[in-house]
Amino acid sequence: MAEEPPVKRTKTEEDLGAGSEPDAAAAAAAERERPGGEVTVKIQSKALRCRICSEPLKPPIFKCAAGHVLCSQCPEKLREVGHVLRLGTFCALCCKSTSYSRCVELEQFIDAMKVPCSNQTYGCNEFVGYQQKEKHESSCPHAPCYCPEDDCAFKAPACCLLDHFVTAHGWSPTNLGYNKPLKILLARDRRFTLLVGEDMSLFLLINTLTSIGSALAVVCVRPHESEPSYSCNISAAAHGVAGGKTDGRLVFQKDPHVSSSSLAGGVQMGNFFLLVPLEFAETSSGELTVHIRIDRVAP
Ligand SMILES: [Zn+2]
Ligand SMILES: [Zn+2]
Ligand SMILES: [Zn+2]
Ligand SMILES: [Zn+2]
């Protein structure tokens with residue numbers, strides 16, 4: 001049996017009458033401008049990318065005579081290629097000689113466009129200028145931080161990490177007062193010690209076991225390097241007893257600027273760490289006694 005050809009229908013007045021009122025009302029509502037003169041649109045991201053190199057378009061934007069939009073770099077590159085090929089100024093999409101001019105219309109459109117911050121799912125409700133998006137996100141306080149535990153993919157704003165560390169991994173946070181030393185008994189194989197500052201800043205004391213000792217470093221868990229800044233002193237004393245007296249050996253390190261990390265790439269050893277020799281550990285328990293002091297640094 002032959003298939004019936006698809007029936008092409010155009011909307012009749014009847015269609016647009018009472019029966020389709022909800023559709024018409026929805027469309028009208030969608031198009032209604034907000035008080036600030038704004039409308040919400042969704043747009044294919046490729047419409048805002050250079051037709052040649054696919055980089056995001058930012059003014060100055062160019063177009064060929066046929067309207068292919070290009071980033072600021074590509075017309076010059078095509079000019080050079082055209083010179084070598086003796087084609088003059090040409091468009092790789094038109095495949096022929098052309099001329100380029102500024103695409104002021106798209107520049108104005110991009111200037112007027114606001115986009116949501118990528119951290120919307122983490123609580124940022126900001127709409128920022130399309131061109132300011134990168135700048136905003138580089139300091140957005142809602143940007144996520146990552147759980148450093150192996151095989152855990154959790155990420156959330158820093159304020160939610162504390163709860164995750166406690167409930168998902170059973171970590172016991174230690175409250176930390178600034179400008180005063182804190183004594184920590186550190187099990188040899190405890191990788192992370194969570195310290196919570198007076199201002200609820202999260203610090204991780206990271207213990208990396210090496211063949212010659214434990215490398216200790218402190219990192220502030222937050223999405224960006226921002227105020228306030230912190231400095232840190234870590235010291236460890238030997239537990240060993242020599243000739244009836246305590247060994248007396250001490251190692252210490254000062255980090256004048258505790259680095260901030262979202263832990264996006266996992267835990268990385270920075271420039272400042274304290275190497276505590278293996279023999280500093282208490283013989284029976286294997287614990288290290290560590291003193292740590294974190295100071296808030298005046299801006
Ligand atoms: Zn381009
Ligand atoms: Zn073209
Ligand atoms: Zn944001
Ligand atoms: Zn986790």
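Strand 13 and strand 14 (residues 213-221) are antiparallel partners, joined by nine bridges. Strands here are DSSP runs of E with at least two residues, helices are runs of H or I with at least four, and both are numbered from the N terminus. Two strands count as paired if DSSP finds at least two bridges between them. Within this pair, F203 has C220 of strand 14 as its bridge partner. The two strands form a hairpin, with two residues between them.

Before I continue, please note that this is a predicted model: local features need pLDDT of at least 70, side-chain atom pairs count only at pLDDT 80 or more, and totals for chains, interfaces and linings use all residues. Residues are numbered from 1 along each chain as its sequence is written, while chains are lettered from A and ligands numbered from 1 in the order in which they are written.

Strand 13 (residues 202-210) also runs antiparallel to strand 12 (residues 192-197), and five bridges join them. Here L194 stands opposite L204 of strand 13. Strand 12 and strand 13 form a hairpin too, with four residues between them. In that turn, M200 has a positive phi of about 70°.

I turn now to helix 5. Which residues of helix 5 are buried? They are A158, L161 and F165, where buried means that 20 or more other C-beta atoms, placed from the backbone, lie within 10 Å of the residue's own; exposed means 12 or fewer, and partly exposed lies in between. As a general point, an α-helix has 3.6 residues a turn, so residues three or four places apart point the same way.

Against what do the buried residues of helix 5 pack? Their partners are strand 8 (145-146), strand 9 (155-156), strand 12, strand 13 and strand 14, with contact meaning C-beta atoms, placed from the backbone, within 7 Å. The face turned away from the buried side carries the exposed residues D163 and T167. After helix 5 comes G170, with a positive phi near 70°.

Finally, an open sheet of three strands has the order 2-1-5 and antiparallel pairing. Its edge strands, strand 2 (69-70) and strand 5 (100-102), each pair on one side only. Strand 1 (residues 62-64) meets strand 5 over three antiparallel bridges, and F62 stands opposite R102.

Notes:
Two residues are in contact if their C-beta atoms, placed from the backbone, lie within 7 Å.
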